[in-house]
Amino acid sequence: MSSSTCGYCRRNGNGQSQRRSYYTRSLSMSPSCYQALVDRSWRRSGTLLYRPNQRDACCPHYTLRVDSALFRPTRDQRQTINRFNRFVVGDAYVKEAARLYPKSREQARQRNTDFHLTERIRESENQSLKHPPEPAHSFEVTLEPDDFTEEKYAVYANYQRIVHQEPSSEITRSGFEKFLCNSPLKRETVIASDGHEKRLGSYHQCYRLDGRLVAIGVLDLLPHAVSSVYFLYHESIHSWGPGKLGALREMALAIEGRYRWWYPGFYIHTCPKMRYKMDYSPQQILNPDNMQWVEVSKQILAKFDEHGYLDFSRASNNQGAPPKRNPDDAFADNENKVDDVESGSDRNSGYISLLDSNMPGLPPMDAIMSYDYDNIPVRLRTGIFSAVDVFQWQDEEEDIRHSAGPRGQLAQMAAAVGHDVMPQLCLDIRRV
């Protein structure tokens, strides 16, 4: 478990604040295993997996999810979709299509009163339009493997340079590939009993306007969730609200693909650019103390304004109103979907054992002490062996609560991921 300077406070001028997280790396992982980790406050950045200690953080990170089956777009979100669709097809197309394919009075009334997200979000796509006439622009959205291409890198470089104002010298192909193309999640397709196919793993949702790639949604498709990793776009479509369109497109994917939940990433109340996540509801927030989901209420939101670690048991008893938002921040809030993750080079050397920390949600100490660490599988170049045979600790009397030795490290890992998830893992030390 390591400490690092908090990027959120640093941007606000307080460079002394720190946070602690538990880190590990994965070479390969099943989507179902990562689903279990996400539901225990984990997230990933490339192959780096991390679980923050909310109780010991100046800017606590909380996992959010939205039930896509219950989601209803707000007026502003509906207007964003309609405005973009109108831009793509053009006024001339709308008029001519209305003449060639007139709607009945009932159809027109239904369109004006009912807004179906999965239909309206696709309305301007090439495959959804009737021809003739021809639209003003050609628009398509495809779900592609998260492979590196120069086309994708060009969008990433433009986004980092224009939106995040990073110097060109710090924007590299290797950085893009490591951060957004190097996922440990294995892609697979599962078939439900009714024949429905569900894609799992890491993908790039690519948006092309007139044949040109203009936006990318980096997604982890999990058994029960569409998990948003990152969203980036070219400056040329900035005025059309691409962040909102991307979020709504991902919500539609959760509905159509029967994933149900949309995970927008960590919510950090002290970071204004994270506030856009509260625009999508109904939401649930993961209680780090017991890893149970809690409905986001006015009381919960009011409790966030007190800062520090959120005591969910007390929040449910307090009354309050949702936090006020600065309208000047609205666009930025909805256009930036960045989880500011520290890289290995940013971490400080202030190591402490996870078992000596105050991280919430860890198993009871007696369960940690009694767990079977001997039979944890360990991969070597010559095969897979039991941990006790690899590390030969049979005769060691080791206090795993404070030890940095092999058994102490395995105890920390088991506590961080949960004893129910641990049987799915194999420790790979071939590169050590």
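Which strand order does the open sheet of 3 strands have? The model is predicted: local features require pLDDT of at least 70, side-chain atom pairs count only at pLDDT 80 or more, and totals for chains, interfaces and linings use all residues. Residues are numbered from 1 along each chain as its sequence is written, and side-chain values use heavy atoms, with hydrogens and water left out.

**The whole chain**

Begin with the protein chain in cartoon view, coloured by pLDDT, the predictor's confidence in each residue from 0 to 100. The mean pLDDT of the chain is 88, and 85% of its residues reach 70 or more. Residues 318-340 have pLDDT below 50, and beyond near neighbours in sequence this stretch has 67 contacts in the model; a contact means heavy atoms within 4.5 Å. Residues 342-348 also stay under 50, with 18 contacts beyond four places in sequence. Where pLDDT is low, the predicted coordinates should not be read in detail.

The chain has 15 helices and 17 strands. These are DSSP runs numbered from the N terminus, helices being H or I of at least four residues and strands E of at least two. Of the 432 residues, 50% count as buried; buried means under 20% relative accessible area, exposed over 50%, and partly exposed in between, with a 1.4 Å probe and protein chains only.

**The largest nonpolar core**

Next, select Leu117, Leu180, Leu221, Val226, Leu232 and Tyr280, which touch the most other members of the 50-residue largest nonpolar core. Elements giving two or more residues to this core include α3 (75-89), β6 (139-145), α7 (150-162), β8 (197-209) and β9 (212-222). A nonpolar core is a set of buried Ala, Val, Leu, Ile, Met, Phe, Trp, Tyr and Cys residues joined through side-chain atoms within 4.5 Å. Centre the view on leucine 232: apart from neighbours within four places in sequence, its contacts are Val155, Tyr156, Tyr159, Leu180, Ala215, Ile216 and Val218.

Now select β8, in which 11 of the 13 residues are buried. Two strands pair if DSSP finds at least two bridges between them.

- β6 pairs with β8 in the antiparallel sense over 7 bridges, and threonine 142 has cysteine 206 of β8 as its bridge partner.
- β7 (residues 188-191) is joined to β8 by 4 bridges, also antiparallel; isoleucine 191 stands opposite glutamate 197.
- β9 pairs with β8 in the antiparallel sense over 9 bridges, with valine 218 of β9 as the bridge partner of histidine 204.

The hairpin of β7 and β8 has 5 residues between the strands, and glycine 195 takes a positive phi near 90 degrees. In the hairpin of β8 and β9, with 2 residues between the strands, aspartate 210 takes a positive phi near 55 degrees.

**Rings and charges**

Select tyrosine 203 together with two arginines. Arginine 187 lies over the face of this ring at 5.9 Å from its centre, and arginine 199 lies over the face of tyrosine 203 at 5.7 Å. A charge sits over a ring if NZ of Lys or CZ of Arg is within 6 Å of the ring centre and within 35 degrees of the ring normal.

The structure holds 22 aromatic pairs. Rings of Phe, Tyr and Trp (its six-membered ring) pair if their centres lie within 6.5 Å; planes under 30 degrees apart count as stacked, over 60 as edge-to-face and the rest as tilted. Tyrosine 22 and tryptophan 42 have ring centres 6.0 Å apart and planes at 85 degrees, so this pair is edge-to-face. Tyrosine 22 lies in strand β2 (residues 18-25) and tryptophan 42 in the loop between α2 (31-38) and β3 (43-45). Both residues are buried. For an aromatic cluster, select Tyr159, Phe179, Tyr207, Tyr230, Phe231 and Tyr233.

**The open sheet**

The order of the open sheet is β16-β15-β17, with mixed pairing. β16 (383-386) and β17 (427-428) stand at the edges, each with a single partner strand, so one side of each lacks a neighbour in the sheet. β15 (residues 377-380) pairs with β17 in the parallel sense over 2 bridges, and valine 378 stands opposite leucine 427.

**Serine 353**

Finish at serine 353, in the loop between α12 (330-335) and α13 (365-370). At 5% relative accessibility, serine 353 counts as buried. Not counting residues up to four places away in sequence, serine 353 touches Arg401 and Gln412. The C-alpha atoms of serine 353 and alanine 404 are separated by 7.3 Å, although these residues are 51 apart along the chain.
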